Amino acid sequence: MKDFFTFHRFILLLKNHLIENRKKYVLFSVSIFAIGFFIVLLFFIFNGSARYTCYCTAANGTKDYIEHNRDWLMIQNIVYWPGLFIFGGLFALTSYVNFGNQGEAIFYMNKPASIFEKWLVEVFVRMILFFVVYSALFYILFIPGTLLYNALERMTFHDYYASIKLDENHIRDFCAGGKQPIFESSPLFDFNIFGVDDQVWLLYMVLVSSYVSGIAFFMYGAVLFNKFSFFKTFLLGFGVFLVYVFYALIVNPRQNIFIASGWEHDLFRLRAYKIENSNLYVVMEESYLFTLYAILTVFVPIALLVVSYFKLKEKEI
Amino acid sequence: MISIDNLHFKYGKKEVFNGLSLNFDKGNIYGLLGKNGTGKSTLFRNICGLLKPQKGDVHAFGYESFQRNPNMLNKIFLLPEEFHVPAVKVKDFSDSLAPFYPKYDATMFERLLTEFQIPLENNLSQMSMGQKKKTLIAFSLSTNTDVLLMDEPTNGLDIMSKVQFKKVMSAVSGRDKCIVISTHQVKDIENLVDRITVIDSGNLLFDQTIDQIGKKLQFVHSLEKPANAVYTDESLRGYDSIVVNTHQIESKVDLELLYKAVMEVPAELNKIFEY
(Lines give C-alpha, C1' and ligand atoms only; values in the text may rest on other atoms or scores of the structure.)
Protein backbone atom coordinates (compact mmCIF):
# COMPACT_ATOMS: atom_id res chain seq x y z
CA MET A 1 0.00 0.00 0.00
CA LYS A 2 2.85 2.39 0.84
CA ASP A 3 4.18 1.84 -2.68
CA PHE A 4 0.81 2.94 -4.03
CA PHE A 5 -0.14 5.85 -1.82
CA THR A 6 1.02 7.72 1.26
CA PHE A 7 -0.59 10.93 2.38
CA HIS A 8 2.82 12.42 3.20
CA ARG A 9 4.10 11.85 -0.34
CA PHE A 10 0.87 13.18 -1.82
CA ILE A 11 1.20 16.41 0.17
CA LEU A 12 4.88 16.72 -0.84
CA LEU A 13 3.98 16.28 -4.49
CA LEU A 14 1.12 18.75 -4.26
CA LYS A 15 3.37 21.31 -2.58
CA ASN A 16 6.04 20.72 -5.21
CA HIS A 17 3.48 21.10 -7.99
CA LEU A 18 2.14 24.37 -6.58
CA ILE A 19 5.60 25.84 -6.04
CA GLU A 20 6.74 24.97 -9.55
CA ASN A 21 3.56 26.31 -11.17
CA ARG A 22 2.54 29.16 -8.90
CA LYS A 23 3.56 31.89 -11.33
CA LYS A 24 1.46 30.36 -14.12
CA TYR A 25 -1.50 29.79 -11.82
CA VAL A 26 -1.45 33.30 -10.38
CA LEU A 27 -1.30 34.73 -13.89
CA PHE A 28 -4.17 32.50 -15.00
CA SER A 29 -6.29 33.53 -11.99
CA VAL A 30 -5.62 37.21 -12.60
CA SER A 31 -6.62 36.77 -16.27
CA ILE A 32 -9.88 35.06 -15.30
CA PHE A 33 -10.65 37.82 -12.81
CA ALA A 34 -9.83 40.52 -15.35
CA ILE A 35 -12.13 38.99 -17.97
CA GLY A 36 -14.96 38.65 -15.40
CA PHE A 37 -14.40 42.21 -14.26
CA PHE A 38 -14.55 43.47 -17.85
CA ILE A 39 -17.86 41.66 -18.50
CA VAL A 40 -19.38 43.04 -15.28
CA LEU A 41 -18.12 46.51 -16.15
CA LEU A 42 -19.81 46.29 -19.56
CA PHE A 43 -22.99 45.12 -17.85
CA PHE A 44 -22.97 48.15 -15.53
CA ILE A 45 -22.27 50.50 -18.40
CA PHE A 46 -25.07 49.20 -20.61
CA ASN A 47 -27.60 47.73 -18.19
CA GLY A 48 -26.85 48.79 -14.61
CA SER A 49 -29.72 50.23 -12.53
CA ALA A 50 -32.12 50.30 -15.46
CA ARG A 51 -34.72 48.26 -13.61
CA TYR A 52 -35.36 46.98 -10.09
CA THR A 53 -37.43 44.43 -8.20
CA CYS A 54 -40.36 45.50 -5.99
CA TYR A 55 -43.51 43.90 -4.69
CA CYS A 56 -46.65 44.46 -2.71
CA THR A 57 -47.60 42.26 0.20
CA ALA A 58 -50.97 40.56 -0.25
CA ALA A 59 -53.38 40.04 2.67
CA ASN A 60 -52.18 36.44 3.11
CA GLY A 61 -48.57 37.60 3.23
CA THR A 62 -47.52 36.46 -0.24
CA LYS A 63 -45.43 38.68 -2.49
CA ASP A 64 -47.16 40.23 -5.44
CA TYR A 65 -44.40 41.44 -7.75
CA ILE A 66 -44.87 44.70 -9.64
CA GLU A 67 -41.39 44.56 -11.16
CA HIS A 68 -39.20 41.48 -11.11
CA ASN A 69 -35.78 42.28 -12.49
CA ARG A 70 -33.51 39.26 -12.96
CA ASP A 71 -30.75 40.88 -15.01
CA TRP A 72 -28.20 40.64 -12.21
CA LEU A 73 -28.91 36.93 -11.72
CA MET A 74 -28.63 36.42 -15.44
CA ILE A 75 -25.22 38.08 -15.72
CA GLN A 76 -23.93 36.06 -12.76
CA ASN A 77 -24.98 32.81 -14.38
CA ILE A 78 -23.71 33.91 -17.77
CA VAL A 79 -20.31 34.71 -16.29
CA TYR A 80 -20.04 31.76 -13.90
CA TRP A 81 -21.05 28.69 -15.88
CA PRO A 82 -19.54 29.29 -19.32
CA GLY A 83 -16.43 30.64 -17.55
CA LEU A 84 -16.20 27.52 -15.43
CA PHE A 85 -16.42 25.29 -18.49
CA ILE A 86 -14.12 27.34 -20.74
CA PHE A 87 -11.39 28.16 -18.23
CA GLY A 88 -11.70 24.76 -16.54
CA GLY A 89 -11.25 23.10 -19.93
CA LEU A 90 -8.25 25.27 -20.80
CA PHE A 91 -6.71 24.57 -17.41
CA ALA A 92 -7.31 20.83 -17.74
CA LEU A 93 -5.58 20.81 -21.13
CA THR A 94 -2.34 21.77 -19.40
CA SER A 95 -2.50 18.64 -17.21
CA TYR A 96 0.40 16.25 -16.78
CA VAL A 97 3.03 18.75 -17.90
CA ASN A 98 4.01 18.90 -21.52
CA PHE A 99 4.65 15.32 -22.58
CA GLY A 100 5.83 16.69 -25.93
CA ASN A 101 8.92 18.06 -24.21
CA GLN A 102 11.16 15.16 -23.26
CA GLY A 103 13.07 17.07 -20.56
CA GLU A 104 9.88 18.16 -18.81
CA ALA A 105 8.35 14.72 -19.10
CA ILE A 106 11.45 13.02 -17.62
CA PHE A 107 11.62 15.55 -14.78
CA TYR A 108 7.95 14.90 -13.97
CA MET A 109 7.93 11.13 -14.25
CA ASN A 110 11.15 10.71 -12.28
CA LYS A 111 9.82 12.42 -9.17
CA PRO A 112 9.80 9.78 -6.47
CA ALA A 113 6.05 9.40 -6.11
CA SER A 114 3.70 6.71 -7.35
CA ILE A 115 1.74 7.10 -10.57
CA PHE A 116 -1.43 7.16 -8.50
CA GLU A 117 -0.15 10.09 -6.45
CA LYS A 118 0.85 11.95 -9.62
CA TRP A 119 -2.58 11.29 -11.09
CA LEU A 120 -4.32 12.31 -7.87
CA VAL A 121 -2.43 15.61 -7.67
CA GLU A 122 -3.55 16.43 -11.21
CA VAL A 123 -7.17 15.51 -10.45
CA PHE A 124 -7.06 17.53 -7.23
CA VAL A 125 -5.50 20.60 -8.85
CA ARG A 126 -7.46 20.55 -12.12
CA MET A 127 -10.84 19.71 -10.67
CA ILE A 128 -11.14 20.57 -7.00
CA LEU A 129 -8.60 23.35 -6.52
CA PHE A 130 -9.56 25.06 -9.76
CA PHE A 131 -13.26 24.84 -8.86
CA VAL A 132 -12.61 26.34 -5.42
CA VAL A 133 -10.31 29.12 -6.70
CA TYR A 134 -12.61 29.91 -9.63
CA SER A 135 -15.66 30.09 -7.34
CA ALA A 136 -13.72 32.23 -4.85
CA LEU A 137 -12.76 34.62 -7.68
CA PHE A 138 -16.40 34.73 -8.71
CA TYR A 139 -17.49 35.73 -5.22
CA ILE A 140 -14.67 38.27 -4.88
CA LEU A 141 -15.99 39.87 -8.06
CA PHE A 142 -19.71 39.51 -7.45
CA ILE A 143 -20.08 40.29 -3.72
CA PRO A 144 -19.06 43.94 -4.18
CA GLY A 145 -20.81 43.85 -7.57
CA THR A 146 -24.07 42.79 -5.91
CA LEU A 147 -23.74 45.50 -3.26
CA LEU A 148 -23.17 48.12 -5.94
CA TYR A 149 -25.95 46.81 -8.15
CA ASN A 150 -28.46 46.78 -5.29
CA ALA A 151 -27.45 50.28 -4.23
CA LEU A 152 -28.07 51.50 -7.78
CA GLU A 153 -31.40 49.62 -7.99
CA ARG A 154 -32.53 50.98 -4.62
CA MET A 155 -31.64 54.48 -5.73
CA THR A 156 -33.68 54.11 -8.94
CA PHE A 157 -36.59 52.62 -6.96
CA HIS A 158 -36.65 55.47 -4.44
CA ASP A 159 -36.20 58.13 -7.12
CA TYR A 160 -39.15 56.72 -9.04
CA TYR A 161 -41.54 56.43 -6.08
CA ALA A 162 -40.41 59.76 -4.67
CA SER A 163 -41.38 61.36 -7.95
CA ILE A 164 -44.94 60.01 -7.77
CA LYS A 165 -45.49 59.86 -3.99
CA LEU A 166 -47.77 62.90 -4.01
CA ASP A 167 -50.11 61.19 -6.41
CA GLU A 168 -52.14 59.08 -3.93
CA ASN A 169 -54.32 57.47 -6.60
CA HIS A 170 -51.32 56.41 -8.63
CA ILE A 171 -49.75 54.69 -5.60
CA ARG A 172 -52.95 52.80 -4.95
CA ASP A 173 -52.63 51.40 -8.46
CA PHE A 174 -49.54 49.52 -7.31
CA CYS A 175 -50.47 48.16 -3.90
CA ALA A 176 -53.87 47.62 -2.29
CA GLY A 177 -54.66 49.73 0.74
CA GLY A 178 -52.39 52.57 -0.35
CA LYS A 179 -49.25 50.75 0.78
CA GLN A 180 -45.87 51.56 -0.69
CA PRO A 181 -44.24 48.85 -2.86
CA ILE A 182 -41.34 47.15 -1.12
CA PHE A 183 -37.89 47.05 -2.68
CA GLU A 184 -36.19 43.62 -2.95
CA SER A 185 -32.45 43.28 -3.36
CA SER A 186 -31.08 41.13 -6.16
CA PRO A 187 -29.51 38.04 -4.60
CA LEU A 188 -25.94 36.85 -5.01
CA PHE A 189 -25.96 33.86 -7.38
CA ASP A 190 -29.23 31.98 -7.45
CA PHE A 191 -30.26 29.03 -9.59
CA ASN A 192 -33.84 30.19 -9.65
CA ILE A 193 -32.90 32.02 -12.81
CA PHE A 194 -33.49 28.70 -14.59
CA GLY A 195 -36.97 28.37 -13.10
CA VAL A 196 -36.26 25.02 -11.49
CA ASP A 197 -36.92 25.94 -7.88
CA ASP A 198 -37.78 22.38 -6.84
CA GLN A 199 -34.84 20.78 -8.66
CA VAL A 200 -31.96 23.05 -7.76
CA TRP A 201 -29.90 20.18 -6.34
CA LEU A 202 -30.38 18.21 -9.55
CA LEU A 203 -29.33 21.13 -11.71
CA TYR A 204 -26.31 21.61 -9.49
CA MET A 205 -25.43 17.96 -9.94
CA VAL A 206 -25.83 18.04 -13.71
CA LEU A 207 -23.81 21.23 -14.17
CA VAL A 208 -21.01 20.25 -11.81
CA SER A 209 -20.79 16.72 -13.15
CA SER A 210 -20.79 18.06 -16.73
CA TYR A 211 -17.90 20.27 -15.68
CA VAL A 212 -16.09 17.30 -14.13
CA SER A 213 -16.84 15.26 -17.23
CA GLY A 214 -15.34 17.94 -19.48
CA ILE A 215 -12.26 18.28 -17.30
CA ALA A 216 -11.81 14.49 -17.22
CA PHE A 217 -12.03 14.40 -21.01
CA PHE A 218 -9.38 17.10 -21.41
CA MET A 219 -7.13 15.41 -18.84
CA TYR A 220 -7.47 12.19 -20.77
CA GLY A 221 -6.44 14.02 -23.94
CA ALA A 222 -3.44 15.57 -22.18
CA VAL A 223 -2.09 12.17 -21.17
CA LEU A 224 -3.07 10.44 -24.41
CA PHE A 225 -1.30 12.78 -26.83
CA ASN A 226 2.37 13.71 -26.62
CA LYS A 227 2.42 16.70 -28.92
CA PHE A 228 -0.23 19.35 -29.59
CA SER A 229 -2.52 17.69 -27.05
CA PHE A 230 -4.58 20.90 -26.88
CA PHE A 231 -5.69 20.75 -30.52
CA LYS A 232 -5.86 16.98 -30.74
CA THR A 233 -8.13 16.74 -27.68
CA PHE A 234 -10.31 19.51 -29.02
CA LEU A 235 -10.60 17.70 -32.35
CA LEU A 236 -11.33 14.43 -30.56
CA GLY A 237 -14.12 16.11 -28.59
CA PHE A 238 -15.51 17.65 -31.75
CA GLY A 239 -15.37 14.23 -33.39
CA VAL A 240 -17.34 12.66 -30.51
CA PHE A 241 -19.91 15.44 -30.82
CA LEU A 242 -20.22 14.87 -34.57
CA VAL A 243 -20.78 11.16 -34.00
CA TYR A 244 -23.57 12.07 -31.57
CA VAL A 245 -25.15 14.47 -34.05
CA PHE A 246 -24.76 11.97 -36.90
CA TYR A 247 -26.41 9.24 -34.85
CA ALA A 248 -29.17 11.43 -33.45
CA LEU A 249 -30.00 13.30 -36.64
CA ILE A 250 -29.19 10.97 -39.49
CA VAL A 251 -29.02 7.33 -38.43
CA ASN A 252 -31.90 7.35 -35.99
CA PRO A 253 -33.45 10.80 -35.92
CA ARG A 254 -36.17 10.16 -33.35
CA GLN A 255 -34.48 7.51 -31.32
CA ASN A 256 -33.47 8.11 -27.76
CA ILE A 257 -29.75 7.62 -27.62
CA PHE A 258 -29.63 7.10 -23.88
CA ILE A 259 -32.06 4.28 -23.33
CA ALA A 260 -33.68 1.34 -25.17
CA SER A 261 -35.79 1.75 -28.31
CA GLY A 262 -39.40 2.69 -27.97
CA TRP A 263 -38.44 5.90 -26.30
CA GLU A 264 -38.08 9.04 -28.27
CA HIS A 265 -36.87 12.53 -27.76
CA ASP A 266 -35.48 15.46 -29.63
CA LEU A 267 -31.78 16.11 -29.94
CA PHE A 268 -31.37 18.71 -27.22
CA ARG A 269 -34.59 18.29 -25.25
CA LEU A 270 -34.48 16.18 -22.15
CA ARG A 271 -37.98 14.79 -22.40
CA ALA A 272 -39.09 11.30 -23.39
CA TYR A 273 -42.07 10.54 -25.58
CA LYS A 274 -43.77 7.46 -26.88
CA ILE A 275 -45.88 7.28 -30.01
CA GLU A 276 -48.78 4.82 -30.13
CA ASN A 277 -51.38 4.84 -32.89
CA SER A 278 -50.00 8.13 -34.15
CA ASN A 279 -50.60 9.72 -30.74
CA LEU A 280 -47.74 11.14 -28.78
CA TYR A 281 -47.59 10.42 -25.06
CA VAL A 282 -45.15 11.69 -22.50
CA VAL A 283 -44.05 8.47 -20.90
CA MET A 284 -41.22 9.73 -18.74
CA GLU A 285 -41.24 12.83 -16.63
CA GLU A 286 -38.63 15.36 -17.58
CA SER A 287 -37.03 15.00 -14.15
CA TYR A 288 -36.43 11.24 -14.61
CA LEU A 289 -34.62 11.73 -17.85
CA PHE A 290 -32.81 14.57 -16.21
CA THR A 291 -31.69 12.18 -13.49
CA LEU A 292 -30.58 9.68 -16.11
CA TYR A 293 -28.52 12.41 -17.77
CA ALA A 294 -27.08 13.32 -14.39
CA ILE A 295 -26.09 9.71 -13.74
CA LEU A 296 -24.46 9.50 -17.18
CA THR A 297 -22.47 12.66 -16.62
CA VAL A 298 -21.27 11.22 -13.32
CA PHE A 299 -20.36 7.89 -14.86
CA VAL A 300 -18.51 9.32 -17.86
CA PRO A 301 -15.94 11.35 -15.86
CA ILE A 302 -15.26 8.45 -13.51
CA ALA A 303 -14.63 6.16 -16.48
CA LEU A 304 -12.42 8.77 -18.19
CA LEU A 305 -10.45 9.41 -15.02
CA VAL A 306 -9.82 5.71 -14.51
CA VAL A 307 -8.71 5.36 -18.14
CA SER A 308 -6.41 8.40 -17.83
CA TYR A 309 -4.78 6.82 -14.75
CA PHE A 310 -4.01 3.61 -16.64
CA LYS A 311 -2.79 5.61 -19.65
CA LEU A 312 -0.41 7.51 -17.38
CA LYS A 313 0.73 4.24 -15.81
CA GLU A 314 1.70 2.92 -19.23
CA LYS A 315 3.09 6.21 -20.49
CA GLU A 316 6.57 5.94 -22.03
CA ILE A 317 8.91 8.88 -22.32
CA MET B 1 21.81 -2.46 -7.76
CA ILE B 2 20.82 -2.41 -11.42
CA SER B 3 20.44 -5.56 -13.45
CA ILE B 4 19.63 -5.67 -17.12
CA ASP B 5 18.89 -9.07 -18.52
CA ASN B 6 18.36 -9.84 -22.19
CA LEU B 7 16.99 -6.37 -22.93
CA HIS B 8 15.29 -5.95 -26.29
CA PHE B 9 14.12 -2.52 -27.29
CA LYS B 10 12.97 -0.91 -30.55
CA TYR B 11 11.73 2.50 -31.63
CA GLY B 12 9.25 1.48 -34.28
CA LYS B 13 11.32 -0.68 -36.64
CA LYS B 14 14.65 0.69 -35.46
CA GLU B 15 16.24 -1.82 -33.14
CA VAL B 16 18.24 -0.34 -30.25
CA PHE B 17 18.93 -3.32 -27.98
CA ASN B 18 19.01 -6.90 -29.03
CA GLY B 19 19.47 -8.94 -25.89
CA LEU B 20 21.68 -6.63 -23.82
CA SER B 21 22.67 -7.97 -20.41
CA LEU B 22 24.56 -5.78 -17.99
CA ASN B 23 24.87 -5.01 -14.28
CA PHE B 24 25.72 -1.80 -12.52
CA ASP B 25 27.02 -2.30 -8.99
CA LYS B 26 27.75 -0.03 -6.05
CA GLY B 27 31.20 1.36 -5.43
CA ASN B 28 31.85 2.11 -9.09
CA ILE B 29 31.86 5.11 -11.34
CA TYR B 30 31.05 3.78 -14.77
CA GLY B 31 31.97 5.51 -17.98
CA LEU B 32 29.29 4.43 -20.42
CA LEU B 33 30.65 5.00 -23.89
CA GLY B 34 29.21 4.50 -27.33
CA LYS B 35 28.61 6.22 -30.62
CA ASN B 36 25.77 8.71 -31.04
CA GLY B 37 22.46 6.90 -31.36
CA THR B 38 23.82 3.68 -29.93
CA GLY B 39 21.28 3.66 -27.10
CA LYS B 40 22.99 5.18 -24.06
CA SER B 41 20.09 7.50 -23.25
CA THR B 42 17.58 4.76 -24.05
CA LEU B 43 19.39 2.49 -21.60
CA PHE B 44 19.11 5.15 -18.88
CA ARG B 45 15.43 5.61 -19.59
CA ASN B 46 14.88 1.86 -19.38
CA ILE B 47 16.67 1.79 -16.01
CA CYS B 48 14.51 4.62 -14.63
CA GLY B 49 11.30 3.03 -15.86
CA LEU B 50 10.59 5.72 -18.41
CA LEU B 51 10.52 3.12 -21.18
CA LYS B 52 9.13 -0.38 -21.14
CA PRO B 53 11.38 -3.15 -22.47
CA GLN B 54 9.78 -5.08 -25.29
CA LYS B 55 11.52 -8.20 -24.03
CA GLY B 56 13.82 -8.96 -21.13
CA ASP B 57 14.04 -7.51 -17.63
CA VAL B 58 15.36 -4.33 -16.14
CA HIS B 59 15.46 -4.33 -12.35
CA ALA B 60 16.62 -1.64 -9.96
CA PHE B 61 16.94 -2.45 -6.25
CA GLY B 62 14.83 -5.54 -6.82
CA TYR B 63 11.97 -3.58 -8.37
CA GLU B 64 10.95 -3.99 -11.99
CA SER B 65 11.87 -0.56 -13.34
CA PHE B 66 8.73 0.11 -15.37
CA GLN B 67 6.62 -0.29 -12.22
CA ARG B 68 8.11 3.11 -11.26
CA ASN B 69 7.95 2.28 -7.59
CA PRO B 70 8.55 5.40 -5.47
CA ASN B 71 11.00 3.45 -3.32
CA MET B 72 13.03 2.80 -6.43
CA LEU B 73 12.70 6.33 -7.79
CA ASN B 74 14.02 7.88 -4.57
CA LYS B 75 17.21 5.82 -4.92
CA ILE B 76 17.93 6.80 -8.53
CA PHE B 77 18.56 10.21 -9.96
CA LEU B 78 18.73 10.72 -13.71
CA LEU B 79 20.38 13.81 -15.09
CA PRO B 80 19.17 13.68 -18.69
CA GLU B 81 20.92 15.27 -21.64
CA GLU B 82 17.75 17.16 -22.53
CA PHE B 83 16.91 18.42 -19.08
CA HIS B 84 14.25 20.64 -17.61
CA VAL B 85 14.21 22.86 -14.55
CA PRO B 86 11.14 24.77 -13.39
CA ALA B 87 11.08 28.57 -13.48
CA VAL B 88 11.58 29.06 -9.73
CA LYS B 89 14.31 30.21 -7.38
CA VAL B 90 17.09 27.69 -6.72
CA LYS B 91 16.07 27.59 -3.06
CA ASP B 92 12.42 26.85 -3.89
CA PHE B 93 13.52 24.20 -6.36
CA SER B 94 15.61 22.37 -3.79
CA ASP B 95 13.18 22.91 -0.89
CA SER B 96 10.24 21.45 -2.79
CA LEU B 97 12.08 18.53 -4.40
CA ALA B 98 14.56 17.54 -1.69
CA PRO B 99 12.01 15.97 0.74
CA PHE B 100 11.48 13.15 -1.77
CA TYR B 101 15.08 12.02 -1.29
CA PRO B 102 15.71 10.56 2.18
CA LYS B 103 19.50 11.06 2.07
CA TYR B 104 19.42 14.61 0.72
CA ASP B 105 22.18 16.82 2.12
CA ALA B 106 21.28 20.53 2.10
CA THR B 107 24.74 21.60 3.28
CA MET B 108 26.33 19.72 0.43
CA PHE B 109 23.99 21.40 -2.05
CA GLU B 110 24.97 24.85 -0.79
CA ARG B 111 28.66 23.89 -0.85
CA LEU B 112 28.43 22.62 -4.42
CA LEU B 113 26.55 25.72 -5.55
CA THR B 114 29.30 27.85 -4.02
CA GLU B 115 31.80 25.73 -5.92
CA PHE B 116 29.86 26.35 -9.12
CA GLN B 117 29.41 30.04 -8.22
CA ILE B 118 25.62 29.96 -8.31
CA PRO B 119 23.70 32.04 -5.73
CA LEU B 120 20.88 30.24 -3.94
CA GLU B 121 18.52 33.17 -4.48
CA ASN B 122 18.89 33.15 -8.27
CA ASN B 123 15.90 32.24 -10.38
CA LEU B 124 16.45 29.22 -12.62
CA SER B 125 14.54 30.84 -15.48
CA GLN B 126 17.09 33.65 -15.65
CA MET B 127 20.13 31.38 -15.76
CA SER B 128 22.15 30.29 -18.76
CA MET B 129 21.91 26.68 -19.91
CA GLY B 130 25.30 25.92 -18.34
CA GLN B 131 24.27 27.40 -14.98
CA LYS B 132 21.03 25.44 -15.02
CA LYS B 133 22.96 22.28 -15.72
CA LYS B 134 25.43 22.97 -12.90
CA THR B 135 22.52 23.57 -10.50
CA LEU B 136 20.99 20.27 -11.52
CA ILE B 137 24.36 18.51 -11.18
CA ALA B 138 24.73 19.98 -7.67
CA PHE B 139 21.22 18.89 -6.75
CA SER B 140 21.66 15.41 -8.20
CA LEU B 141 24.83 14.87 -6.16
CA SER B 142 23.22 16.26 -3.01
CA THR B 143 20.32 13.82 -3.20
CA ASN B 144 22.88 11.13 -2.31
CA THR B 145 20.89 8.57 -4.22
CA ASP B 146 22.46 5.14 -4.47
CA VAL B 147 22.43 5.35 -8.25
CA LEU B 148 23.22 8.47 -10.21
CA LEU B 149 22.81 8.37 -13.98
CA MET B 150 24.38 11.28 -15.85
CA ASP B 151 23.69 11.56 -19.55
CA GLU B 152 26.30 13.75 -21.27
CA PRO B 153 26.78 15.86 -18.12
CA THR B 154 29.53 18.01 -19.61
CA ASN B 155 27.57 19.01 -22.71
CA GLY B 156 27.02 22.75 -22.64
CA LEU B 157 29.63 23.38 -19.94
CA ASP B 158 32.56 25.71 -20.61
CA ILE B 159 36.18 24.66 -19.92
CA MET B 160 36.23 26.04 -16.37
CA SER B 161 32.90 24.41 -15.58
CA LYS B 162 34.23 21.08 -16.84
CA VAL B 163 37.18 21.43 -14.48
CA GLN B 164 34.77 22.23 -11.62
CA PHE B 165 32.65 19.24 -12.61
CA LYS B 166 35.62 16.88 -12.45
CA LYS B 167 36.70 18.27 -9.10
CA VAL B 168 33.22 17.92 -7.63
CA MET B 169 32.72 14.41 -9.00
CA SER B 170 36.03 13.20 -7.57
CA ALA B 171 34.97 14.41 -4.15
CA VAL B 172 31.57 12.73 -4.03
CA SER B 173 32.29 9.21 -5.19
CA GLY B 174 31.77 6.68 -2.46
CA ARG B 175 31.76 2.98 -1.80
CA ASP B 176 28.00 2.73 -1.44
CA LYS B 177 27.24 4.67 -4.61
CA CYS B 178 26.96 3.75 -8.23
CA ILE B 179 27.50 6.53 -10.72
CA VAL B 180 27.09 5.99 -14.44
CA ILE B 181 28.32 8.73 -16.73
CA SER B 182 27.36 8.45 -20.34
CA THR B 183 29.38 10.52 -22.76
CA HIS B 184 31.06 10.59 -26.11
CA GLN B 185 33.52 13.20 -24.87
CA VAL B 186 35.87 10.71 -23.21
CA LYS B 187 38.42 13.35 -22.21
CA ASP B 188 35.85 14.80 -19.79
CA ILE B 189 35.70 11.66 -17.71
CA GLU B 190 39.38 10.74 -17.75
CA ASN B 191 40.73 10.08 -14.23
CA LEU B 192 37.14 10.09 -12.99
CA VAL B 193 35.69 6.72 -13.87
CA ASP B 194 36.87 3.39 -12.55
CA ARG B 195 35.08 1.18 -15.04
CA ILE B 196 34.55 1.45 -18.76
CA THR B 197 31.44 0.05 -20.43
CA VAL B 198 31.07 0.36 -24.17
CA ILE B 199 27.88 -0.47 -26.01
CA ASP B 200 27.40 -0.61 -29.74
CA SER B 201 24.64 -1.80 -32.05
CA GLY B 202 22.53 -2.81 -29.08
CA ASN B 203 25.14 -5.05 -27.54
CA LEU B 204 27.78 -4.86 -24.84
CA LEU B 205 31.11 -4.43 -26.57
CA PHE B 206 33.48 -3.97 -23.67
CA ASP B 207 33.19 -3.85 -19.88
CA GLN B 208 36.33 -3.69 -17.71
CA THR B 209 37.64 -1.79 -14.69
CA ILE B 210 40.32 0.83 -15.19
CA ASP B 211 42.58 -1.23 -12.88
CA GLN B 212 42.23 -4.29 -15.10
CA ILE B 213 42.75 -2.26 -18.25
CA GLY B 214 45.93 -0.69 -16.80
CA LYS B 215 47.25 -4.10 -15.80
CA LYS B 216 46.48 -5.86 -19.07
CA LEU B 217 47.16 -3.10 -21.55
CA GLN B 218 49.91 -0.61 -22.07
CA PHE B 219 49.30 2.71 -23.78
CA VAL B 220 52.44 3.84 -25.58
CA HIS B 221 53.54 6.64 -27.84
CA SER B 222 56.32 5.93 -30.35
CA LEU B 223 57.78 7.33 -33.52
CA GLU B 224 57.52 3.98 -35.20
CA LYS B 225 54.59 1.62 -35.26
CA PRO B 226 55.14 -1.16 -32.67
CA ALA B 227 55.10 -4.62 -34.21
CA ASN B 228 53.13 -6.15 -31.36
CA ALA B 229 50.45 -3.43 -31.18
CA VAL B 230 46.88 -4.55 -30.63
CA TYR B 231 45.75 -1.22 -31.97
CA THR B 232 47.59 1.76 -33.43
CA ASP B 233 46.43 5.25 -34.14
CA GLU B 234 48.61 7.44 -36.27
CA SER B 235 49.13 10.91 -34.88
CA LEU B 236 51.05 14.00 -36.01
CA ARG B 237 54.11 13.08 -33.96
CA GLY B 238 54.23 9.34 -34.40
CA TYR B 239 51.98 6.54 -33.23
CA ASP B 240 49.69 6.07 -30.22
CA SER B 241 49.41 2.36 -29.63
CA ILE B 242 47.94 -0.21 -27.31
CA VAL B 243 50.08 -3.22 -26.57
CA VAL B 244 49.71 -6.09 -24.16
CA ASN B 245 51.15 -5.07 -20.81
CA THR B 246 53.92 -7.52 -20.02
CA HIS B 247 55.35 -5.44 -17.17
CA GLN B 248 54.22 -5.54 -13.58
CA ILE B 249 53.63 -1.77 -13.62
CA GLU B 250 50.10 -0.54 -14.21
CA SER B 251 49.84 1.64 -17.29
CA LYS B 252 48.00 4.96 -17.37
CA VAL B 253 44.85 4.47 -19.44
CA ASP B 254 44.29 6.70 -22.46
CA LEU B 255 40.49 6.57 -22.64
CA GLU B 256 40.23 8.05 -26.11
CA LEU B 257 42.64 5.55 -27.55
CA LEU B 258 40.97 2.71 -25.69
CA TYR B 259 37.57 3.74 -27.01
CA LYS B 260 38.86 3.85 -30.58
CA ALA B 261 40.39 0.41 -30.11
CA VAL B 262 37.18 -1.00 -28.68
CA MET B 263 35.25 0.29 -31.66
CA GLU B 264 37.83 -1.00 -34.19
CA VAL B 265 39.08 -4.27 -32.72
CA PRO B 266 36.69 -5.35 -29.94
CA ALA B 267 37.32 -9.07 -30.32
CA GLU B 268 41.11 -8.75 -30.00
CA LEU B 269 40.81 -6.57 -26.93
CA ASN B 270 38.29 -8.76 -25.16
CA LYS B 271 40.46 -11.79 -25.86
CA ILE B 272 43.26 -10.23 -23.78
CA PHE B 273 40.91 -9.93 -20.79
CA GLU B 274 39.80 -13.54 -20.98
CA TYR B 275 42.96 -14.75 -19.28
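How many salt bridges does the rule find across the interface of chain B and chain A? Here is a short note on that and on the largest cavity.

1. This is a predicted model, in which local features need pLDDT of at least 70 and side-chain atom pairs count only at pLDDT 80 or more, while totals for chains, interfaces and linings use all residues. Residues are numbered from 1 along each chain as its sequence is written, chains are lettered from A, and side-chain values use heavy atoms, with hydrogens and water left out.

2. The rule finds two salt bridges between chain B and chain A (a side-chain nitrogen of Lys or Arg within 4 Å of a carboxyl oxygen of Asp or Glu). A:Arg22 and B:Asp92 meet through their side chains in a salt bridge, at 2.4 Å from N to O.

3. On the side of chain B that touches chain A, α2 (70-73) and α3 (90-97) each supply at least two residues (helices are DSSP runs of H or I, at least four residues). The most comes from α3(B), with four residues.

4. In all, 30 residues of chain B and 29 residues of chain A take part in the contact (heavy atoms within 4.5 Å). Together the two chains bury about 2,700 Å², with 58% of it on carbon and sulfur atoms (accessible area, 1.4 Å probe, lost on being put together and summed over both).

5. Turning to the largest cavity, its volume is about 150 Å³ (the space filled by probe spheres set on grid points joined across faces, edges and corners; on a 1 Å grid over the protein atoms alone, a cavity is a set of points where a 1.4 Å probe fits but cannot get out, and lining residues have an atom within 4 Å of a point). Of its 14 lining residues, those closest to the centre include A:Phe107 and B:Phe77.

Notes
1 Å grid on protein atoms, 1.4 Å probe; cavity = no way out; pocket = protein on both sides within 12 Å on 5 of 7 lines; lining within 4 Å.
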